[in-house]
Amino acid sequence: MFNDKCEMVITFRCPHCKAALSFDDLSVDESPCPKCAKIVPLHLSQRMRNENLVDQCAICRLDKLYVQKDFNRTLGVTIFTAAAILSFILWVKDWVYSAFIVLGAATAADFILYRIWPEVTICYRCHAQYREVTPNPENKQCDLGLIEKYDPLDKAAQAENPAAEWKSH
């Protein structure tokens with residue numbers, strides 16, 4: 001999904017039908033949903049277009065975003081679980097050194113992947129994801145307090161978070 005121009009790729013859910021959409025044309029101000037055919041307005045700032053820098057969400061206009069590693073969590077847990085099971089089997093067979101080597105190799109692989117894997121910028125409210133962007137120093141690591149503030153507690157009932165008013169920022 002990487003493009004040659006190194007412009008951001010925005011992945012989000014259609015506000016109308018919740019279909020997963022991907023968008024990389026920063027020259028337009030709207031995108032039709034291929035599933036429900038409704039128009040999704042895009043609120044791209046000048047910094048997003050000119051500097052490839054995310055300063056607000058293009059979907060919901062929220063200016064609170066966070067960054068995290070763009071790694072598949074299921075794959076990460078699977079790798080860790082496989083290493084733990086293999087290490088346990090080796091430990092039971094009394095191959096203690098081999099068990100520690102497996103754990104060390106898994107730790108080294110995790111460290112290397114963490115260092116080289118790219119980051120993704122995510123909106124606290126609508127969870128739109130921005131890839132291939134210029135890092136914005138204003139976008140920090142995830143803050144659980146901000147998730148509670150901007151993400152409704154009961155999404156099925158469309159309820160707002162009652163703690164949002166007293167949460168900081």
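Helices (H or I, at least four residues) and strands (E, at least two) are DSSP runs, numbered from the N terminus. The model is a predicted one, in which local features need pLDDT of at least 70 and side-chain atom pairs count only at pLDDT 80 or more, while totals for chains, interfaces and linings use all residues. Residues are numbered from 1 along each chain as its sequence is written, and side-chain values use heavy atoms, with hydrogens and water left out.

Of the 169 residues of the protein, 31% count as buried; buried means under 20% relative accessible area, exposed over 50%, and partly exposed in between (1.4 Å probe, protein chains only). The accessible surface comes to about 11300 Å², and 60% of this surface belongs to carbon and sulfur atoms. Accessible areas come from the Shrake-Rupley method with a 1.4 Å probe, and for residues only the protein chains shown count as cover. Among contacts (heavy atoms within 4.5 Å) with a separation of 6 or more, 47% are between residues 24 or more positions apart.

Strand β5 (residues 65-69) pairs with two strands; pairing requires that DSSP finds at least two bridges between the strands. Five bridges join β5 to β6 in the antiparallel sense, with Leu 65 opposite Cys 123 in β6. Strand β8 (residues 140-141) is parallel to β5 and is joined to β5 by two bridges; here Val 67 stands opposite Gln 141.

Thr 121 lies in strand β6 (residues 119-123) and is buried, because its relative accessible area is 5%. Apart from neighbours within four places in sequence, the contacts of Thr 121 include Leu 65, Tyr 66 and Val 67, as well as Val 54, Tyr 130 and Asn 139.

Val 92 belongs to helix α2 (residues 73-92) and is exposed, since its relative accessible area is 57%. Together with Ile 85, Phe 88 and Ile 89, Val 92 makes a nonpolar surface patch of about 410 Å². Patches are made of residues with over 30% relative accessible area and no salt bridge, with like charges joined within 9 Å and nonpolar side chains (Val, Leu, Ile, Met, Phe, Trp, Tyr) within 5 Å. A salt bridge is a side-chain nitrogen of Lys or Arg within 4 Å of a carboxyl oxygen of Asp or Glu.

Lys 18 is located in the loop between β1 (9-13) and β2 (20-23) and counts as exposed, at 52% relative accessibility.
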